[in-house]
Amino acid sequence: MLHHLEIYVSNLSKSIKLWDWFLTELGYNPYQKWDSGISWKHGETYLVFVQAEERFMDVSYHRSRVGLNHLAFHAASREQVDQITRKLKEKGISILYKDKHPFAGGDSHYAVFFEDPDRIKVELVAP
């Protein structure tokens, strides 16, 4: 079981806008908050987002570099994937792999893919 995951971001306020909405939709609850960070918890696992220091912001994130490629979350149903997809579009957040959506992960993989403000790819997968 994953205990927690900590992600450094380039603009904490922009990240909070997306992640607070998305994680709350998935049943996460606010957990910790301080000047340079925030976290949400679901069960025993929590996700932490921390403002990166200016001195480390010279190289931006890219999922094809060594390190994290994407975060994938469980959806409750295909309907939840569809609901989140509609809300993403309403918020002006681009859906990745539009030409293959919702089967971009394969014929039996019903999901939506999008990016957070730092272009970290996020996936929501139906059972």
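Trainee: Is Glu-115 buried or exposed?
Mentor: Buried means under 20% relative accessible area, exposed over 50%, and partly exposed in between (1.4 Å probe, protein chains only). Glu-115 has a relative accessible area of 17%. So Glu-115 is buried.

Mentor: Some ground rules. This is a predicted model: local features need pLDDT of at least 70, side-chain atom pairs count only at pLDDT 80 or more, and totals for chains, interfaces and linings use all residues. Residues are numbered from 1 along each chain as its sequence is written, and side-chain values use heavy atoms, with hydrogens and water left out.

Trainee: Which residue forms a salt bridge with Glu-115, its closest N and O atoms 2.7 Å apart?
Mentor: A salt bridge is a side-chain nitrogen of Lys or Arg within 4 Å of a carboxyl oxygen of Asp or Glu. The partner of Glu-115 is Arg-63.

Trainee: Which residues do salt bridges with shared partners join into one network?
Mentor: Start from the pair of Glu-115 and Arg-63. Shared partners extend the set to one network: Arg-63, Glu-115 and Arg-119.

Trainee: How many residues apart are Lys-87 and Glu-25?
Mentor: Their side chains meet in a salt bridge, 2.8 Å from N to O. Lys-87 is in helix H2 (residues 78–90) and Glu-25 in helix H1 (residues 12–25). Helices are DSSP runs of at least four residues (H or I), numbered from the N terminus. The pair links distant parts of the chain, 62 residues apart.

How values were computed
Helices (H or I, at least four residues) and strands (E, at least two) are DSSP runs, numbered from the N terminus.
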